[in-house]
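Biologist: Please put the model up first. I will then ask about it piece by piece.

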Amino acid sequence: MATEGIGEPPPPEVLTEIQGVIAKAKTGDTSVLPQLRAILDRHPGLSRHFGDLGKHAESAWIALAAGNNAYLRETLTREAKARRTELARPGATPVEALLVQRVVACGLQLDYLTAAEANALGAGDTYRQLQYHSKRIERAQRMYLSAMGALVTFQKLMPVPQVVAEIAMGDPVRADVGCESRAQPARVAPPRAAEYLFEEEPVATERDEPEPVLARVPC
Amino acid sequence: MAFETRRSGGNEYLYLSERDAKTGRVVKRYWGRGPKADAAAKALEARRQQRAAERLAVERTRAELHAVDGMMAELETVAVALMEATLLAAGFHRANYSRWRKQRK
């Protein structure tokens, strides 16, 4: 599968280093946090590189699904783009864009595998083949839900940088975030993925609780 | 389940080797001789070939998806690592796979 054009890959030890630091932080060792921040600052292009990898995965699923059908390919590409725009907040950070990209790729994977299973049923495939398809679908569903969960959590907890949003909100080209926009937003945009998942308001977190109103003290 | 044919006195005898579920030992069972044994052997061979073809078809599908599966696995690992790194760096923590919370100072 082609992975050309996604820029210089970050050295593999960077990811190992990050994972090592995360493992330490998960045990409650907060002393590693400055080191973690330093690694992220040292490699700002990390999420962008892997966001591009997500785009390649997306293209690969589209190519598998569409085959030689150019119309289907175009339709699926547009659909994926629309889903990216729908899920990402205007001025999303590269990490958020990467998470959105992961959701879109997982969604395409699930769609492809579901269609493949339907085709297999129609073609009268054997029990063993159908069993393989259903296992793949189960795994793809888990991946999709996990990707959605990660995105919702991230959007709930991390506000978009307090810089612009007006630009991204006003300009449809820049508003189409995904990996292509590098716009620096301004407004704290609501978590879009949560709207996508829940019909009603998502459950409020500690951060959503209103600030306590201070009583006025007479002078 | 493998099968074998023995020759003795110019006759063919069909035996099948199978593992005994109780003792766990491989035992050979006699299935007969003559046209009935031939038909059984043919049926077993056809079933073996069909299973091989099914396995091949599944392997082909798996090979088709191998490259994109690799990409998805890498994407998942990286996305999770970067998300966790960003949240930890922003002062959040998560104990025992519970919700992410702001670290108390």
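Biologist: Among contacts in chain B between residues at least 6 apart in sequence, what share joins residues at least 24 apart?
Modeller: This is a predicted model, in which local features need pLDDT of at least 70, side-chain atom pairs count only at pLDDT 80 or more, and totals for chains, interfaces and linings use all residues. Residues are numbered from 1 along each chain as its sequence is written, while chains are lettered from A and ligands numbered from 1 in the order in which they are written. Two residues are in contact if their C-beta atoms, placed from the backbone, lie within 7 Å. For chain B, the share of those contacts that join residues at least 24 apart is 12%.

Biologist: And what is that share in chain A, among contacts between residues at least 6 apart in sequence?
Modeller: Chain A has nine helices and zero strands. Among its contacts between residues at least 6 apart in sequence, the share joining residues at least 24 apart is 69%.

Biologist: In what order do the elements of chain B run from the N terminus on?
Modeller: Helices (H or I, at least four residues) and strands (E, at least two) are DSSP runs, numbered from the N terminus. Chain B has one helix and five strands. Their order from the N terminus on is β-β-β-α-β-β.

Biologist: Which element of chain B has the highest confidence?
Modeller: The score used is pLDDT, the predictor's confidence in each residue, from 0 to 100. Chain B averages 85, and 90% of the residues score at least 70. Strand S1 (residues 2-8) of chain B is lowest, at a mean of 62. The highest, at 90, is helix H1 (residues 35-89) of chain B.

Biologist: Which residue in the turn of the hairpin formed by S2(B) and S3(B) has a positive phi?
Modeller: Two strands pair if DSSP finds at least two bridges between them. Strands S2 (residues 11-19) and S3 (residues 26-33) of chain B run antiparallel and are joined by seven bridges. Glu18(B) stands opposite Val27(B) in S3(B). Six residues lie between the two strands, and the one in the turn with a positive phi, of about 80 degrees, is Gly24(B).

Biologist: Which element gives the most to the side of chain B that touches chain A?
Modeller: The contact takes 29 residues from chain B and 39 residues from chain A. On the side of chain B, the elements that give two or more residues are H1 and strand S5 (101-102). The most, 23 residues, comes from H1(B).

Biologist: Why does Arg73(A) count as partly exposed?
Modeller: A residue is buried if 20 or more other C-beta atoms, placed from the backbone, lie within 10 Å of its own, exposed if 12 or fewer, and partly exposed in between. Arg73(A) is in helix H4 of chain A, and leaving aside neighbours within four places in sequence, Arg73(A) is in contact with Ile62(A) and Ala66(A). Arg73(A) counts as partly exposed because its C-beta neighbours inside 10 Å number 16.
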